[in-house]
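Work through the exercises below with the structure open beside you. Try each task before you read its solution.

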Amino acid sequence: MTSSDHRRGRTNSSPIEAVAGNGLLNRRALLGRGVVLAGAMGAARLGSLTGAAAEPLKDAPLTEAPWSLEPGATIEPYERPSRFEKNVVRTLNNPNGQPGAQGARTPHHLMNGAITPNGLHFVVSHGGAPDIDPDKHRLAVHGLVKRPLVFTLDALARYPMTTRVTFLECGGNSGPLFSPQPLDANVQALHGLASCAEWTGVKLSTLLEETGIDPKAKWFIAEGADAPHLARSVPLKKALDDAMIALYQNGERLMPANGYPMRLLLPGYEGNMNTKYLRRIKLVEGPAMSFWEAKTYAPILPNGKAYQFYLLQEVKSFITQPSPGLTLKEPGLYEISGIAYSGTGRISKVMVSADGGRSWAEAALAEPVLSKAFTRFRMPWRWEGGAAILQSRAWDEAGNVQPTRAQFVAQRGELKSVPPVTVVLNHHFNAVTSWGVASSGEVKHVYT
Amino acid sequence: MFTHSWLITAVWLASCLAAGAAFAEGPNLGKPLDAAAIAAWDISIEPDGAGLPPGEGTPAQGARIFADKCAQCHGPDGKGGVAGVFSAPLVGSDPITDIAASMKRIANFWPYSTTLFDYIRRSMPWQQPMTLANDEVYALTAYILALNKLIAENDTINAQTLPKVRMPNRDGFIVRFPDAM
């Protein structure tokens, strides 16, 4: 909270002001809510805001619970979440590992903040997670270099490390939203192939300083040690910018399905390019036109042509709370919260609407706002019990604006029929998502 | 290209040794990698055919291998539709009339024929990648190209002929962000 927020909180004794239609409230007033409530606003007023707190407690007397009357469980070496959180898991589209891709989607609606825990980080796997012995893994750097080199993990671990927070997003995340009709799906199904973690590793440019670069090199091919030997071509520009060989994910070694023991990390770039199980980097003059770049991640345009080397994950946001499955129980005060990110830099602004885009108000951004990272946004909202359509729209520091759905469809088109939600087919969707709130409190995906 | 890069390496290494040069900036913990050592791993194929190994195959040879090692997932004649497998059909050349990714086929979408060899060799069969001999990969490539009428039944596919197979949709692409490249 900034000092100006404190000041406004202390001096604001008037009722919380509306900043946009259908109940969006001044975020600054609420940031200082504790002070306000303790001062000018009494308990009755709080009750009128939340619609519940004024009711006397009557569900159970405050007594010693069983867990307060005996020592708790022995502490485990590697702790897992409470058994009461057993539903906070990824959804799997191919749980039996049938030939083809496996997707594991992050449950955004059951999380908060900006960092995705490693066990909940999304995965798209094209050949399962290999069981790699880190001592036997090797990374070769060759091709148009002056001195081809091969590195062990132990060797890489002695190099100067860099740490940064960055999101990863599958190029196919949100792909079902090319649908001509709204989908019966929640935020996990629609946007769950994006996550954000703190990554630590060695900058690729550090290794290229040692191999040297032949001036003819303009691209590099990154290849994994997994069964598909998945390979992608990356502009050499990215290697000299912020590409990293990631060894640690949120402080621990990478998860097996996220590339253990090392992956290529290309902040802001299409997830599939961030090659897992990285074993080989070959500098070349032009792209290899691998299956994944020549066919899969080349989205068809309405004129029949297709984009090639989309590279970037463009500016995007979506509301995680409320969202489908999180039914509002009663009218009152809620916090609209969500995630914004851009492959081209920091989020500069997120606007929120509760009336389907007729009026907007600027959301609070949780610090720190980092480049190419998830940014949590929040907006207080008083739901009066009527119909509402919640939307968020993000801007980035490069001036890019998340398109409305109409703008996006005009450029990128729309499917002719409703696609399956769990199979990634169409790619690079970043338009505004709308959640419709019914008077029953039920939340559904809608179009405006 | 292979020979070329090896020559560059050799010349460069020689000049380093002569000058007693060191790579002073980093820890220098990488081990030198010579051409023979990387050969076992370097399976990259480029669109101009760079990297294609010796060997060859015909559609008829490929048909036999396909029936044995591929049809269980890709269906007889590569038509797909096998239950429980996420594999797109390998045939079909309908014009693209929809943005649905399911429209994409080899003959109506893939820009380069070399991608076929590269992908089959590195990733297929799905359960046993890198078990096909180069001749088998060439034969399967030939079979699939012939199924799609992109080569004739009697054509032979090898390192010289494959890059010359021009795919119909070669020019059907727009680079999204040229400034990033």
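The exercises that follow concern a predicted model.

**Exercise 1. Strands paired across the contact**

Task: Say how E16(A) is joined to strand E4 of chain B.

Solution: 
- Step 1. Locate strand E4 of chain B at residues 173–175.
- Step 2. Count the bridges. Three join E16(A) to this strand, and the two run parallel.
- Step 3. Pick out one pair. A:Tyr307 has B:Ile174 of E4(B) as its bridge partner.

**Exercise 2. An open sheet in chain A**

Task: Give the strand order of the five-strand open sheet in chain A, and explain why one side of each edge strand has no neighbour.

Solution: 
- Step 1. Strands of a sheet pair through backbone hydrogen bonds, in a parallel or an antiparallel way.
- Step 2. Read off the order. It is E20-E19-E23-E24-E25, with antiparallel pairing.
- Step 3. Look at the edges. Strand E20 (361–362) and strand E25 (443–446) of chain A each have a single partner strand, so one side of each is left without a neighbour in the sheet.
- Step 4. Strand E23 (residues 388–396) and strand E24 (residues 434–437) of chain A pair over four bridges, in the antiparallel sense. A:Ile389 stands opposite A:Gly436 in E24(A).

**Exercise 3. The make-up of chain B**

Task: Describe the elements of chain B and their sequence pattern.

Solution: 
- Step 1. Count the elements. Chain B has six helices and four strands.
- Step 2. Follow the sequence. The pattern is α-β-α-β-α-α-α-α-β-β.
- Step 3. Check burial. Chain B has 181 residues, and 33% of them count as buried.

**Exercise 4. The largest nonpolar core**

Task: Find which residues touch the most other members of the largest nonpolar core.

Solution: 
- Step 1. Take the core's 149 residues. A:Phe220 and A:Ile245 touch the most other members.
- Step 2. Find the top contributor. Helix H6 (residues 134–147) of chain B gives the most, with 10 residues.
- Step 3. Trace the contacts of A:Ile245. This residue touches A:Leu139, A:Leu156, A:Met262 and A:Leu278, among others.

Note on methods: Residues are numbered from 1 along each chain as its sequence is written. Chains are lettered from A and ligands numbered from 1 in the order in which they are written. This is a predicted model: local features need pLDDT of at least 70, side-chain atom pairs count only at pLDDT 80 or more; totals for chains, interfaces and linings use all residues. Two strands pair if DSSP finds at least two bridges between them. A residue is buried if 20 or more other C-beta atoms lie within 10 Å of its own, exposed if 12 or fewer, and partly exposed in between; C-beta atoms are placed from the backbone. A nonpolar core is a set of buried Ala, Val, Leu, Ile, Met, Phe, Trp, Tyr and Cys residues joined through C-beta atoms within 7 Å. Two residues are in contact if their C-beta atoms, placed from the backbone, lie within 7 Å. Lists of a residue's contacts leave out its neighbours within four places in sequence.
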